[in-house]
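Thanks for coming. I will take a few minutes on salt bridges and on one surface patch, and then stop.

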Amino acid sequence: MSGTAVPARPGVPEYCCQPFAGKSGEYCLLIPVINEGRRILAELARAQAAGVHRLCDVILCDGGSADGSMEPGRLAGLGVNTLLTKIGPGKQGAQLRMGFDFALARGYAGILTIDGNNKDSIEDVPRFIEKLRAGYGLVQGSRFIKGGRAVNTPPGRYWAVRLIHAPVISLAARHWFTDTTNAYRAYSRAYLTHPAVQPLREVFVGYELLAYLSVRATRLGFLACEVPVTRAYPKGEAPPTKIKGLRGNAGLLRVLFAALAGQYDPARPSGGGERG
């Protein structure tokens with residue numbers, strides 16, 4: 001593995017950093033991936049065709065893919081700015097912590113996230129950037145609001161989001177959200193660096209960080225909104241998802257109710273954050 005090794009420290013896993021270009025703007029798009037193969041390559045090709053790489057720096061947060069999709073030359077040719085490869089333990093939450101660590105250190109004013117399985121309308125990145133520039137701390141993509149599209153959503157997933165996940169997250173956030181399992185989002189630097197947020201903690205291993213960041217923003221007084229996006233599941237194929245079976249869904253519910261109970265809130269703020 002080439003690149004620069006970044007040693008582990010509290011809240012941040014060890015990772016390798018391979019930049020293909022320098023910082024080029026105010027915003028970046030983090031894409032956590034692991035063995036997404038042709039799906040991530042197709043997504044990156046769509047992003048490049050839509051000019052996403054000219055609006056924000058595209059940064060891949062790889063969990064250790066072994067399918068050949070992370071070949072540096074190909075990624076650079078598809079407009080990827082930087083490849084981060086997690087070496088330390090953890091799942092999606094650790095990949096995001098790695099990405100947040102890199103992005104905040106690089107000085108981005110806002111950070112977007114999107115799944116790397118080619119389900120989401122990456123062409124809608126400008127909607128998120130527009131809201132960040134307008135002063136929002138949290139921007140949630142939603143397929144369920146006017147202008148959004150839910151394509152081939154598995155019925156079980158649809159009703160779980162609409163009847164359980166979104167209402168519980170909305171209750172915890174004291175703000176109505178409609179598509180809370182959707183990782184297509186944006187966060188302001190001011191929100192992520194607020195001393196009462198502290199996203200770089202080892203408690204965020206899997207999906208905990210997404211749930212936590214959904215409920216914390218409005219509780220701290222940051223503006224939050226939704227923007228319409230499309231989430232399309234492939235027709236006639238098994239849904240590309242890391243949440244599988246009863247065990248996976250039970251784990252998601254545990255995370256959901258832990259966020260509602262405030263179990264991921266910092267014990268007490270520590271100084272040095274920004275607010276705006």
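Predicted model: local features only at pLDDT ≥ 70, side-chain atom pairs only at ≥ 80, totals over all residues.

Residues are numbered from 1 along each chain as its sequence is written, and side-chain values use heavy atoms, with hydrogens and water left out.

Salt bridges, then. Side chains of opposite charge can pair when their charged atoms come close. The rule here asks for a side-chain nitrogen of Lys or Arg within 4 Å of a carboxyl oxygen of Asp or Glu. By this rule there are ten salt bridges.

One is Arg9 with Asp101, where the closest N and O atoms are 2.1 Å apart. This pair links distant parts of the chain, 92 residues apart: Arg9 is in the loop between β1 (4-6) and β2 (15-19), and Asp101 is in helix α4, residues 92-106. Helices (H or I, at least four residues) and strands (E, at least two) are DSSP runs, numbered from the N terminus. Are the two partners buried or exposed? Buried means under 20% relative accessible area, exposed over 50%, and partly exposed in between, with a 1.4 Å probe and protein chains only. Arg9 has 40%, so Arg9 is partly exposed; Asp101 has 8% and is therefore buried.

The next pair is Glu123 and Arg46, with 2.9 Å between the closest N and O atoms. Glu123 sits in the loop between β6 (110-113) and α5 (125-133), and Arg46 in helix α1 (residues 38-49), 77 residues apart. Glu123 is partly exposed at 35%, and Arg46 counts as partly exposed at 27%.

Arg231 pairs with Asp120 at 2.8 Å between the closest N and O atoms. Arg231 is in strand β11 (residues 230-232) and Asp120 in the loop between β6 and α5, 111 residues apart. Both are buried. Asp115 joins Asp120 and Arg231 in a network of salt bridges.

Now the patch. Trp159, Leu163, Ile164, Leu253 and Phe257 form a nonpolar patch on the surface, with about 510 Å² of accessible area together. Areas come from the Shrake-Rupley method with a 1.4 Å probe, and for residues only the protein chains shown count as cover. Patches take residues with over 30% relative accessible area and no salt bridge, joining like charges within 9 Å and nonpolar side chains (Val, Leu, Ile, Met, Phe, Trp, Tyr) within 5 Å.

Which helix gives the largest share? That is α6, with three residues. Both α6 (155-173) and α9 (245-260) supply at least two each. Phe257 lies in α9 and, at 44% relative accessibility, counts as partly exposed.
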